[in-house]
Amino acid sequence: MTVDHLSSPVRLHVNDEVRTAPATPSTSLQELLHDGMGYQEVRQGCGEGVCGACLVIMDGTPVASCLVPAHRADGSAVLTANGLDRLPGHSASRHADLLDHLLFRGAFQCAYCGPGMLVSAAHLLANDTNVDAACVREALSGNLCRCTGYHAIIDAIVATAQGEPCRSKWSRHDLAGKLDGTLAFPTDRIGESAQRGDELVAAVVFADHPSARLRSIDVDAARSVPGVIAVLTHRDLPARNIGGVDVLAADQPILVSEHVRTSSNAVALVAATTRGALLQALDAIHIDYDVLRPVTAMEDSVLDKVRVYDGKSNIIAQFSNRVGRVKMAFEEADTIVEVTFRCGAAEHVCLEPDGGSARWEGDVLVLRLPTQSPYEARLVAARAAGLPEKRVRIEAPRAGGSFGRHLIGGFETHLAVLAMHTGRNVRLINDRRSALVHGAKRHAFVGRYRLALRQQTITALEADLLADAGPYVGVTPTIVSLLAVEAAGAYDIPNQKVVARGVRTNNPIPAPMRGYGSLQCNFGIERLIDLAATRLSVDPIELRRRHLKSERKDGFQRTVPGSPRWLDKTLDRASLRLGDPAPGPAGWRSGRGVAVIHAKYGYPFGMVDRVVAEVVVDETGAFCVRSDVSDSGTGVAFMAGQRVAEHLGLPVTPAYEFASELTGDASGTLIGKGTPPGPIKRRIFRVVENFSTRRMGSVLVFLAPLSPSVYATLLKWSAPFINLAYRGVSALKSMLFPFARDTAIPTVSGSRSLLLLGNAALAAADAFRARALEVAERVSGLPRDDLILTADGVAGRRDPLLRLEWSELARQVGGRLAAVGSASNPRGRLLDPKTGNQTGPTDFMDGTHVCDVAVNPQTGKVRVLKYVAVHDVGHIFDREIIDGQIRGGIVMGVGQAVGEVLQLKDGCVETDSLLKLMVPTSLDALYNVDIELLESGTGLGPSGAKGIGEAAAVAAPIALASAISNALQAPICAIPLSYRDLFDMHHGGATTPKKDLCDG
Amino acid sequence: MLAGGSIVVNWLCMRGSSDLVVDISGLRELTEIDHGKLRCRLGALTTVADLIGLGGEDLTAIRQAAGEFGNAHLRRLATVGGNIAWLKGNADLLTPLMALDARAEIATDDGMEFVDVGQMRERVRFAPVLITQIEIPRSPDARSAFAKLALRRASAPSIATAAVYAGLNHDQLHKVRVVVGGVRSDPQRVPAAEVELEGRTLNLDTTERAARAVGDRVAVDPELDKSESAYRRSVAAAAMRRALDRLSATA
């Protein structure tokens, strides 16, 4: 018998409305409010009272509703974030002020934490008359924010308390909707089925071991639980057992059939009518394993003695970068620095749990997912369900954080097979523990470096870099390719021999994280230069300055005239702003650190990377910008609307809408011409796509185990042919499909979205202007030259009485006036035919972070005394958004350096709760950050703007590691570090924090 | 027995079932605070947030421990009874309560009885009991202080905690009790540190001697490796130093 038979009604006064819904003894107040009563602003987060996403006011007191049994709240008065204007002591006008201050400052990005933050803020404002920053930090100590680093949130609350007027600017309608729950996140319940309550709830049974052979799975008892609709194992799958990422290889199963290769593997899926039945069924599943010894160390894996995947080589990717005469440079060097650096796996900590829903609309399966790769999700989901792709539609609503986590999927196949098997609508949410223990992690990295110097000048770099791929190919080759290109970081080093490889292990499946490998390789080169400076007793800033890259190269490796890099300016300004060293507390060890980062934000030259956007006005006169770039919380979607508003002179920023029809037709024919592509064109498109990505990728994976010298030679010889093939593909695509998307490339990929979506939106705005004038010309009978665009529509240039409003123009063309524009990567070659090296990413984010820190030698605790961040952002569109990105990146980055340690043991994640993973809280975040933004105008985005999303998260851990290293006078060769590591470094007196952390 | 309810609720929601759960949150009698001159009685369901409002210099350690407990929201849900009976992890309130010589009243099958809070865990480990209240003896001339060192400043289990209680007689400390938590499963008194403080005036020298005594003599979990033991001892000494600094500020 399940706990469901104990279900009884719970009556609440929610936002002054009497609501009743059934709850079992194990139903939490959060679950009741969100799932049972439809209050979407009461969000599921951690389930343990740490993140505050579920915060409500119950009988006057803020409580984490995930920790309150629903029945305990029976009869209580509950205020959610949407009812705070009813809170005694907190007037409606003050609440409106609070919202204005938050929105004006762009205080949130993904805003999943927003409603909980609002509850804390309103309660504080209602009960405390002396609100200052310190008490706000305390009040928010149980609300985690992963995006903006708390600063703007706290600032907004203090400003509200002090009655400061809010300078209105852009209306952040995207944030407003996220805060009040009207914009649904992927894990929210939507649709009639959800409202009726006949949507199934589902869960995944993950493997208990990282390496094992399945002996048996007993699901009979689970299937007999009343209310259980499906318990699926690999035997029950409707089609091929291929899931995961299928860009370069189809090697990951949806459900394990024989070999467990990682604890990220799913073994079974369960769907039930109630949560009680679901949980009882999960308890009733018994799995027997023959446990095998896992391969967890990359250095062991690369030897290829014990193979992780069916006897195939462990080496699944290899890229190199060879320039000049490395051997000779090392022979002639007077100083050689040789060190091994490591970056551990890291957890993205998206506040929204992994999850989504599947629903049937007729015979079309609609998946709502937090995906950055909707085309890929559609492909693998359709294949898993055994459906043609046209019968699968992807909706990618705003996600509660991503940071790269949703570049790879997983549960879209689980949802698809469950929906297919049951014929029902299904909702699947993996709880926080599952996300931590079984979810994807940032690629762990180990790099063996050698640096040659002659007369204090860097002459050569040799690096052997390894990235942990987990057991499957996934997207690791793309990370590895960038490791090779970016190994020298911000520096011009004339002689380089870099070999980067991806290797299979039994560790959790990896996903890129904020920087797509930039953190790993920038950490290596920056630390290496610090060590070289120490060895030579020279100023590390001066050593850097002498070698900084100063020019931008195009896709043919030619210097772009008039487009200098401002790396030196960021370094100079940062050094100047930091000033004299700050004194630390008595007895603490102080040190200064620096990180100059040069992190990509565009995709590599030569790739057919295009974004399509549409500007639409409807017959109500409402504007909208549409594209297939989903809003993963970066603010980039809002930015696109801003650019269109500026470009067309609109008074209100258009809303942004995810264009599902684009993911249904990657050829872009539908959005471009209004008709779907015919079967022949669709076939041609598929063949071209398949050749340029999957086939080419599988060849590279196949060749990866070759020895580095043979591989490099092969690549050099084949470079002209590969370039020609890619150019051919590009030309063919552009000719046949002017608005085609590359389905292998994620639609959202950090700051690249700014570059391409921004430019596409501007192109669409231009096309829209032309289209509007064309319609107005027809309606008015005036020549186009006599018409001008105004904020309200089209007006006569010489006839002020002629006014055609937007709504009227839309009505003239069937109720929808629209135009499409696109933007592509700059032209270039994929590989340099002289060397076989990649020409690299289209552009980079440049910046310098410097800081002074103090370390307590008795506890290992670190205090940041001063912190300066200077970034060349190209062009400033919205200072608040940029500020939030930088501060949020720094807070995340500081945790990535010290504190936020993900414990892995023998391939298993031991950090299974947010109580154990030390994500910085409002009390830990760094606030004394001095930010300067430079505008070189040299970026590839609109008006010369550059990406900024990942730059600070890449720079901060490196700057901090550099400062701590100087404070303790011991080389830091690995991150993240715990306080105990720092204590050991100090007291051990050794040059290494741990034996296995630094072997150079 | 529902101890550490905030943890159990999470467990219940994840598991979905249990043979029997009795929710005692409706027992209003267990939420009362009797703040007397000779003793302070805290109902077992007194929330940690309520402890922050406790008056009296001698109870400062409890206020400080409550202020550093979990986060702002957890403090409103977590109870003093639940915390001291929680068998896993570090129960931060136990450290100051032990330093203040508190006793817990428990209801068992055999009736009501008082046990030292330091013995609580042993009692609940083997037999189901209901904690009804915690009784803390008061002394108007006494002072107390607490310090916690954790991996972050909110929502973090402690690495080490330290609480010190002392009577004051013309600036001299007497009846000193030093308790250190976090370094092994249960908090412990550290007599060696108490000796360094007893009958002495609190100054930099005595603070350092007492902190060193904690670092040298505190018993750490025997399962910890040598390096971890050294770290825990060092952090415990730092916590002691900070607690004495705080005591000095109030004395």
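What follows is a set of questions and answers about cysteines, cores, helix packing and backbone details.

Trainee: What should I know before we start?
Mentor: This is a predicted model, in which local features need pLDDT of at least 70, side-chain atom pairs count only at pLDDT 80 or more, and totals for chains, interfaces and linings use all residues. Residues are numbered from 1 along each chain as its sequence is written, chains are lettered from A and ligands numbered from 1 in the order in which they are written, and side-chain values use heavy atoms, with hydrogens and water left out.

Trainee: How many disulfides are there over all chains?
Mentor: A disulfide is a pair of cysteine sulfur atoms within 2.5 Å. The sulfur of Cys110(A) has its closest cysteine sulfur in Cys147(A), at 3.8 Å, which is too far for a bond. Over all chains, the count is zero.

Trainee: Are Cys110(A) and Cys147(A) buried or exposed?
Mentor: Buried means under 20% relative accessible area, exposed over 50%, and partly exposed in between, using a 1.4 Å probe and protein chains only. Cys110(A) comes out at 5% and Cys147(A) at 4%. Cys110(A) is therefore buried, and Cys147(A) is also buried.

Trainee: Which residues touch the most other members of the largest nonpolar core?
Mentor: A nonpolar core is a set of buried Ala, Val, Leu, Ile, Met, Phe, Trp, Tyr and Cys residues joined through side-chain atoms within 4.5 Å. The largest one has 194 residues, and those touching the most other members are Leu461(A), Phe768(A), Tyr867(A), Ile890(A), Val164(B), Val178(B) and Leu197(B).

Trainee: How many residues are in the second, separate core?
Mentor: Among its members are Ala107(A), Val131(A), Leu144(A) and Leu351(A). Its count is 69 residues.

Trainee: At what angle do the axes of H16(A) and H27(A) cross?
Mentor: Two packed helices are described by the angle between their axes and the distance between the axes. Helices (H or I, at least four residues) and strands (E, at least two) are DSSP runs, numbered from the N terminus. Axes are lines fitted to C-alpha atoms, for helices over the stretch in contact, with angles from 0 to 180 degrees between N-to-C directions. The axes of H16(A), residues 518–536, and H27(A), residues 951–968, come within 9 Å and cross at roughly 30°.

Trainee: Why are H16(A) and H27(A) described as roughly parallel?
Mentor: Angles under 35 degrees count as roughly parallel, over 145 as roughly antiparallel, 65 to 115 as roughly perpendicular and the rest as oblique. The crossing angle is roughly 30°, so H16(A) and H27(A) are roughly parallel.

Trainee: Is the crossing of H2(A) and H5(A) left-handed or right-handed?
Mentor: H2(A), residues 92–104, packs on H5(A), residues 151–161, at about 145°, with the axes 8 Å apart. A crossing is left-handed if the near helix is turned anticlockwise from the far one by less than a right angle, and right-handed if clockwise. The crossing of H2(A) and H5(A) is right-handed.

Trainee: Which residues of H3(A) make the contact with H5(A)?
Mentor: H3(A), residues 114–127, packs on H5(A) at about 30° with the axes 11 Å apart. That makes H3(A) roughly parallel to H5(A). Contact means heavy atoms within 4.5 Å. On the H5(A) side it involves Ile153(A), Ile157(A), Thr160(A) and Ala161(A), and on the H3(A) side Met117(A), Ala121(A), Leu124(A) and Leu125(A).

Trainee: How many residues of H1(A) are buried?
Mentor: H1(A) spans residues 29–36 and is mostly covered. Those buried are Leu29(A), Gln30(A), Glu31(A), Leu32(A), Leu33(A) and His34(A).

Trainee: Where does Tyr150(A) lie?
Mentor: Tyr150(A) has a positive phi of about 75° although it is not a glycine. Tyr150(A) is buried, at 0% relative accessible area. Its place is the loop between H4 (133–139) and H5 of chain A.

Trainee: Is His170(B) buried or exposed?
Mentor: His170(B) also is not a glycine, and its phi is positive, about 50°. His170(B) sits in the loop between strands E7 (158–169) and E8 (172–181) of chain B. Its relative accessibility is 76%, so His170(B) counts as exposed.
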